[in-house]
Amino acid sequence: MFLKSTFSPIFTAIPTRIKPPKHSRAVITDAAIQPSLQTVRQNASTDTAANPSSLLLVHKLPPTSAYIHLPFCRKRCHYCDFPIIALGSSSSSSTTTTNSDCDDPRILNYVETLCREMKATKLSSDPNPPLETVFFGGGTPSLVPPKLVSLVLDTLSSKFGLCANAEISMEMDPGTFDGVKMKRLLELGVNRVSLGVQAFQEELLKACGRAHGVKEIHEAVEIVKSCGVENWSVDLISSLPHQTPDMWEESLKLAIQIQPTHVSVYDLQVEQGTKFETLYTPGEFPLPSENQSAEFYKIASRMLRDAGYDHYEISSYCKKGYQCKHNLTYWKNKSFYGFGLGSASFVGGVRFSRPRRLKDYMCYVQNLEDGLLDCSEDSFTDYKDLAVDVVMLSLRTARGLDLKSFGEAFGGSLLLSICEVYGPYVESGHMTCSDEKGRNITSDEFSFLLSDEHKMNKVVGFLRLSDPDGFLLSNELISLAFGVISP
Ligand SMILES: C[S@@+](CC[C@H](N)C(=O)[O-])C[C@H]1O[C@@H](n2cnc3c(N)ncnc32)[C@H](O)[C@@H]1O
């Protein structure tokens, strides 16, 4: 089955690690990956700025992106296993900015701790490049009063610097903001909204335990539009219990009708410990079968592409020029800061996840301030892990795997083995290959190149999964590379 959507790269930091298949076709030894070590030394001795796109260096460059986790929700959705804090209906956090601003002590205390964490974080370089993207994820960040969002942005800006044209995204849920709050957030610099719609059917929203109905979705869209937000996205979930193909088509049709610049489509994952886990078994009614889920994926791909959206990543679609810059950081294996409960960071080649429980997170921040944590960021790079990450992340995107850069970084023989293992899938049409100029390489040409490592290194440009058939097989296809690199 296809690679389950990573609706939150920040928690896993890297999409689900895929187990190697039992029988991998080609096996690469440590010795075979050796030539790349020479490249590493060469690159290390040159100025990183001279070749900032090198696959061996990009993750070591100082971060220009920050993920901020704002965990508050009115209640927990039945599919959700994120680290959140359910405020309940008695909460004083309000849709509007006018009353009871900032007076929920749980939110205030959390945001203060979050700011302490940022201040105590060691800069990854001196001078430190200013942030180019900031992503407020949750939880429901739109429940946090703008005054406190302002405090977070001020802290980020004075600690790390913030580019004047930085992309600042916020996840916002229908029913948690009005026009006044939206305008205030825009004044603070938020310039991209990600609206948690999930479905356009009352019964499905109810089954998911969402705290809003369809009416609130339309109200939220109206607010976003009337406030002039130009860059906004809608989240939808497929394969929900009792969801029919007609319902799914209706959700996509309505999403297209409201004209967001970006749509994220996630296939439901039944997570451990969620209410859905107690109620349902994947693949069994009222959840769809694997084939039906694949059908949902194909419907989304067809309808959104027909409506002029570019399918630029396994679960992301956008109008021209509206890719989410922040998420591209993850797919390009670039470094990023993470702040807040349960969030992950990737700095200096080290992936690190913060505690998911509030009490433990508070202790973590205290220890950070007290200098009790070893924040050494200079990691030993395991080049096999790096190569696997590069393949796994690149193949999620429509751009695909940059074969030339891969060969330069990890060696021509590894590149050849990867291409060999993917040969049958180029032939079956699950994968496509292009040369450096973007010209399609036919499967016959591709097989011919497999017999000549030198030519292969010279000619090939990008290898990508086809849409939708290749994306649907992504799990298996990525596993094959894993089997070659790390048998
Ligand atoms: C970090 S969550 C955003 C929370 C957001 N405030 C909301 O619930 O609308 C990002 C998105 O991931 C998706 N998501 C969360 N849990 C999921 C699951 N178990 N299966 C599939 N998609 C999920 C939802 O579409 C959600 O909007």
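Helix packing and a mixed sheet in a predicted model

Helix H14 (residues 383-394) and helix H20 (residues 474-485) pack at an angle of about 165°, their axes lying 10 Å apart. H14 is therefore roughly antiparallel to H20, a term for angles over 145 degrees. Axes here are lines fitted to C-alpha atoms, for helices over the stretch in contact, and angles run from 0 to 180 degrees between N-to-C directions. This is a predicted model, in which local features need pLDDT of at least 70 and side-chain atom pairs count only at pLDDT 80 or more, while totals for chains, interfaces and linings use all residues. Residues are numbered from 1 along each chain as its sequence is written, and helices (H or I, at least four residues) and strands (E, at least two) are DSSP runs numbered from the N terminus.

On the H14 side, Lys384, Ala387, Val388, Val391 and Met392 meet Ile478, Ala481, Phe482 and Ile485 of H20, contact being C-beta atoms, placed from the backbone, within 7 Å. The residues of this contact divide into 8 nonpolar, no polar and 1 charged.

Turning to the sheet, 9 strands form an open sheet with mixed pairing, in the order E9-E10-E8-E7-E6-E5-E4-E1-E11, where strands pair if DSSP finds at least two bridges between them. Strands E9 (310-313) and E11 (337-339) stand at the edges, each with a single partner strand, so one side of each is left without a neighbour in the sheet. The twist averages 20° from one strand to the next.

Within this sheet, E1 (residues 65-70) and E4 (residues 131-138) run parallel and are joined by 6 bridges; leucine 70 has glycine 138 in E4 as its bridge partner. Helix H9 (residues 245-257) lies across E6 (192-198), E7 (232-238) and E8 (262-267), running at about 180° to E7.

Conventions. Parallel < 35°, antiparallel > 145°, perpendicular 65-115°, else oblique. Contact = placed C-beta atoms within 7 Å. Nonpolar A, V, L, I, M, F, W, Y, C, P; charged D, E, K, R; others polar.
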